[in-house]
Amino acid sequence: MTAPVLIVGAGIGGLALAQALTRQGVPVRVIEKAEALRPVGAGLILAGNALRVLDRLGLGEAVRAAGHPLSGAQLTTAAGRPLQTLSYAASGGAVGLHRAALQGILSQGLEAQLLMGTTLRALHPQRAGVEVTLSDGTVQRCRAVVGADGLHSSVRALLFGAVVPRYAGYTSWRFVVPRPGPAQATELWGLGCRLGLVPIGPAQTYGYLTVNAPEQPPQGAKPPGTVAEVLAHAAPFGGPVPGVLAGLGADTPVIRTDIHEIRLRRWSQGSVTLLGDAAHAMTPNLGQGAAMALEDAWVLSQQMLTANDVPAALARYEALRRPRVEAVQRQSRLVGQAGQLEDSALRALRDLAMRLTPAAAAQRSSQGLFSVNLDG
Ligand SMILES: Cc1cc2nc3c(=O)[nH]c(=O)nc-3n(C[C@H](O)[C@H](O)[C@H](O)COP(=O)(O)OP(=O)(O)OC[C@H]3O[C@@H](n4cnc5c(N)ncnc54)[C@H](O)[C@@H]3O)c2cc1C
């Protein structure tokens, strides 16, 4: 029997890769450290490039049905005065949905391949393939190992040693409010903080806040976010914000995450590679992290299907993906730096520049972001 491809992490990228390979008859095994795929998380925007990958996986319709169609995105001042509007129509539409809904759809049909509550203990490269030791002590031979285990990737640590994620200078709070908000994705830019509202269902709005703050200590359990923190940081925002946030209950789950980036010189070594946040976590300012993990998964699956030599396929995958991912990561970082400005004079200049940028120019610059060549 052919040795399976071991995918570490049943997040968005890992499950998408498992779907792509399984549909082509390639044996896979997915290990996930969580004991169960629970409906946790908040919302996501999936832009046209993410939807194109999901269409290729045969899951686009299910995702569109589970989410809310987004016609466009609007940037406004903290008071809700429009600064710039972007239409998603020309780039294949976009969907706002709950992250758990996406994970549920991506995991369908993979029950037999999924091993929950399991991590990777050791990697032993062989002349062909890799031998792995799992946390339950099992030793297994694999054709390849793919680390899709997120920002704090253990596969990355086994390959390249400790890599300290770079803190972007701001932290985030995410939550879902059971009431309708603006009809399109809306982000309000304040001083050193932004607040976003995204419809993810007819009566569900995903909200997020990004606020300049010192980094939380890397070690130890971090306190969860609270509704009180969200309300305190949301105080300067007007427009639709007070109406939507009035729907927050005292027990609404709030996720607090410091925003980090991962920048690596290499993603692959022999028959082991990384994808998604494990390889290139990026700031969330363009809503492209999950989209990049999906694109990675598709391109990697195609390279693994067409090449006999696994290390060559992984090297080609990395060569194809790196320029695109690095460009998106850079663009996202710049948007974050502009969005998180703390100086009121600079903010006034920024807002003026945004208001004066013709809609067509803003649309053109986003077009490259949402169009991708998935065929190498
Ligand atoms: C505030 C915020 C807003 C965002 N908004 C958007 C958005 O609108 N659109 C978008 O496209 N992206 C967005 N993102 C980014 C997106 O969430 C991530 O880029 C995406 O989830 C990455 O997918 P992944 O599969 O690489 O990692 P993850 O989804 O993080 O999955 C990693 C998986 O690996 C598992 N795991 C971890 N360690 C181990 C281990 N040792 N062994 C086994 N399993 C392990 C984890 O439990 C998890 O299931 C946002 C991010 C943030 C922080």
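View 1. Strand β10 and strand β11 (residues 139–142) run antiparallel and are joined by four bridges; strands count as paired if DSSP finds at least two bridges between them. Thr133 stands opposite Val139 in β11. The hairpin of β10 and β11 has four residues between the strands, and there Gly137 takes a positive phi near 90°. Element names follow DSSP runs, numbered from the N terminus: helices are H or I with at least four residues, strands are E with at least two. This is a predicted model, so to keep in mind: local features need pLDDT of at least 70, side-chain atom pairs count only at pLDDT 80 or more, and totals for chains, interfaces and linings use all residues. Residue numbers start from 1 along each chain as its sequence is written.

View 2. Leu120 has Leu134 of β10 as its bridge partner, and Pro125 stands opposite Val130 in β10. This hairpin, too, has four residues between its strands, with Gly129 at a positive phi near 85°.

**View 3. The shell around the ligand holds 34 residues.** Gly9, Gly11, Gly276, Gly289 and Ala290 are the closest of the 34 residues that surround the ligand; a residue is near if its C-beta atom, placed from the backbone, lies within 6 Å of the molecule. Elements giving two or more residues to this shell are α1 (12–23), β2 (28–32), β3 (43–46), β13 (166–177), α8 (277–280) and α9 (289–306). The largest share, four residues, comes from α9. Sorted by class, the shell has 16 nonpolar, 13 polar and five charged residues. For the bookkeeping, Ala, Val, Leu, Ile, Met, Phe, Trp, Tyr, Cys and Pro count as nonpolar, Asp, Glu, Lys and Arg as charged, and the others, Gly among them, as polar.

**View 4. Helix α2 is largely enclosed by the rest of the structure.** Of the nine residues of α2 (residues 48–56), seven are buried, so the helix is largely enclosed. Buried here takes 20 or more other C-beta atoms within 10 Å of a residue's own, exposed takes 12 or fewer, and partly exposed is in between, with C-beta atoms placed from the backbone. The buried ones are Gly48, Asn49, Ala50, Leu51, Arg52, Val53 and Leu54. They pack against α1, β3, α3 (60–66), β7 (94–98), α9 and α12 (359–370), where a contact needs C-beta atoms, placed from the backbone, within 7 Å. After α2 comes Gly58, with a positive phi near 80°.

**View 5. Leu195 and Ala234 are in contact.** Leu195 is found in strand β15 (residues 193–201), while Ala234 has its place in helix α6 (residues 227–234). Leu195 counts as buried because it has 27 C-beta neighbours inside 10 Å; Ala234 counts as buried with 22. Leaving aside neighbours within four places in sequence, Leu195 is in contact with Leu188, Leu209, Ala234, Phe237 and Val241. With that exclusion applied to Ala234 as well, its contacts are Leu195, Leu209, Val241 and Leu245. For scale, the C-alpha atoms of Leu195 and Val230, 35 residues apart along the chain, are separated by 9.8 Å.

**View 6. Helix α10 bends at Arg321.** The bend is about 35°, and a proline, Pro323, follows within four residues; the angle is taken between axes fitted to the seven residues ending at a residue and the seven starting there. Helix α10 (residues 310–339) has 30 residues and reaches 42 Å from its first C-alpha to its last, close to the 44 Å expected at 1.5 Å a residue. That expected span is 1.5 Å times one less than the number of residues.

**View 7. Gln269 sits in a loop.** The loop in question runs between β17 (255–261) and β18 (272–274). With 17 C-beta neighbours inside 10 Å, Gln269 counts as partly exposed.

Conventions. Contact = placed C-beta atoms within 7 Å.
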